[in-house]
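Trainee: Could you take me through this structure step by step? I would like to ask questions as we go.

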Amino acid sequence: MKVLVIGQTSQVGYEVCRILSDKGISWHAPDRAELDLSRPNQIRACLDRHQPDLVINAAAYNNPVKAENEPSRCFSINRDAVAELADCCQRQGIILFQLSSYRVFDGTKQEPYNEKDPTNPTGVLGNSRLQAEQQIRERCERHIILRLSWIISARRPNILRRLAERMLANKEVYVTPDQLGCPTPADDAARIIVAMVQQLDCGAQVWGTYHYATTESVSESNFAEVLIAEASQHRDLNVRKLIMANIESREGIKPPANGTLSSNKVLNTFGVHARPWRSAVARIIREVCDQKSSPP
Ligand SMILES: NC(=O)c1ccc[n+]([C@@H]2O[C@H](COP(=O)([O-])OP(=O)(O)OC[C@H]3O[C@@H](n4cnc5c(N)ncnc54)[C@H](OP(=O)(O)O)[C@@H]3O)[C@@H](O)[C@H]2O)c1
């Protein structure tokens with residue numbers, strides 16, 4: 001099997017490529033010069049050139065705040081490029097494995113979201129992700145859409161790094177007690193993705209939409225407390241106080257209050273088990289603290 005990975009520099013794409021290499025699966029990841037998703041004409045050329053059996057799209061316009069100010073760029077990368085990708089995959093008999101997000105939901109449900117729950121995105125970013133999913137379902141028969149919860153790693157911006165950076169720099173850090181998610185290490189998401197890809201390579205005909213998230217949900221404020229406990233073992237933190245600020249008090253676009261996802265369907269279909277996040281957080285926070293070598 002030959003895999004094309006779009007978004008190799010992303011948190012998840014980077015780990016997917018690493019695991020594909022470990023497993024001896026052949027892959028290619030175009031850089032931005034070869035494939036810029038805001039230039040849809042490059043998509044067909046890239047697929048023609050590499051003739052993959054399966055495409056993993058880990059690239060996305062991912063900034064919810066900026067998306068409100070530049071919706072056309074967000075929709076062009078997240079929806080229009082994905083529609084073109086889906087068309088090309090369908091035409092060439094390629095499997096499309098698309099990553100998506102809890103942001104397709106409005107976050108008002110009290111339990112983890114499953115795949116049958118009605119979508120209702122708020123904001124430009126969530127709408128662009130949902131419309132991308134719809135384009136794929138209409139255009140490409142052999143597809144997998146995998147929605148993920150909060151992705152964390154020591155690389156690139158994410159909720160863990162944002163909180164850690166504020167704790168290193170500030171005495172008071174604002175956190176949200178009513179925003180829930182399942183922190184999902186990028187390498188754990190990649191483990192699931194590659195396991196699913198291997199089963200598709202063995203002929204599993206299980207197209208459709210799936211969720212993956214780690215086993216334990218946590219509020220942003222409780223997650224911040226875990227991070228303080230871990231990070232203070234490695235660095236002197238400036239933070240003295242967490243200030244609770246409900247989602248409603250946030251200015252501008254608000255994240256879904258509930259970003260937790262149920263992994264039951266992916267377990268029942270692919271036999272892949274969700275893991276807890278706590279031990280991975282200890283490792284990631286150590287890496288983040290090691291990167292920040294200058295005193296806070
Ligand atoms: N981060 C989260 O908390 C989260 C939560 C749920 C779901 N997800 C989804 O999971 C997937 C992976 O997320 P992530 O956090 O690993 O991603 P990420 O670190 O934010 O990386 C985004 C990727 O998209 C690429 N990209 C952006 N614009 C592009 C363009 N015009 N052409 C080609 N590539 C472009 C970036 O390339 P450059 O490095 O060149 O900019 C980068 O590789 C995405 O679909 C994301 O929406 C993420």
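Trainee: How many bridges join β8 to β11?

Mentor: Strand β8 (residues 180-181) is joined to β11 by 2 bridges, and the two run antiparallel. Leu180 has Ser219 of β11 as its bridge partner.

Trainee: What holds strands of a sheet together in general?

Mentor: Strands pair through backbone hydrogen bonds, either parallel or antiparallel.

Trainee: Before we go on, what kind of model is this?

Mentor: It is a predicted model, in which local features need pLDDT of at least 70 and side-chain atom pairs count only at pLDDT 80 or more, while totals for chains, interfaces and linings use all residues. Residues are numbered from 1 along each chain as its sequence is written, and side-chain values use heavy atoms, with hydrogens and water left out.

Trainee: Now the ligand, please. Which residues are closest to it?

Mentor: The ligand is surrounded by 25 residues, and the closest are Thr9, Leu37, Asn62, Arg129 and Arg156. A residue counts as near if one of its heavy atoms lies within 4 Å.

Trainee: What lies 2.5 Å from an oxygen atom of the ligand?

Mentor: That is a polar side-chain atom of Thr9. From Ser10, a backbone N or O atom lies 3.1 Å from an oxygen atom of the ligand, and for Val12 the corresponding distance from a backbone N or O atom is 2.9 Å.

Trainee: How much of the ligand does the protein bury?

Mentor: The ligand taken alone exposes 910 Å², and the protein buries 85% of that. Such areas come from the Shrake-Rupley method with a 1.4 Å probe; for residues, only the protein chains shown count as cover.

Trainee: Which element gives the largest share of the shell?

Mentor: β4 does, with 3 residues.

Trainee: Is β4 itself buried or exposed?

Mentor: In β4, 7 of the 7 residues are buried, so the strand is largely enclosed by the rest of the structure. Buried means under 20% relative accessible area, exposed over 50%, and partly exposed in between (1.4 Å probe, protein chains only). Ile95, Phe97, Leu99 and Ser101 point one way from β4, and Leu96, Gln98 and Ser100 point the other way.

Trainee: Which strands pair with β4?

Mentor: Strand β3 (residues 54-57) pairs with β4 in the parallel sense over 4 bridges, and Ile56 stands opposite Phe97. Strand β5 (residues 143-148) also runs parallel to β4, joined by 6 bridges, with Gln98 opposite Ile145.

Trainee: One last topic: where is Glu133, and what does its side chain contact?

Mentor: Glu133 is in helix α5. Glu133 is buried, with a relative accessible area of 1%. Its side chain makes a polar contact (a pair of N or O atoms within 3.5 Å; within protein, one must be able to donate a hydrogen and the other to accept it, and residues adjacent in sequence count only if both atoms are side-chain atoms) with the side chain of Arg147, at 2.7 Å.

Methods: Pairing = 2+ DSSP bridges.
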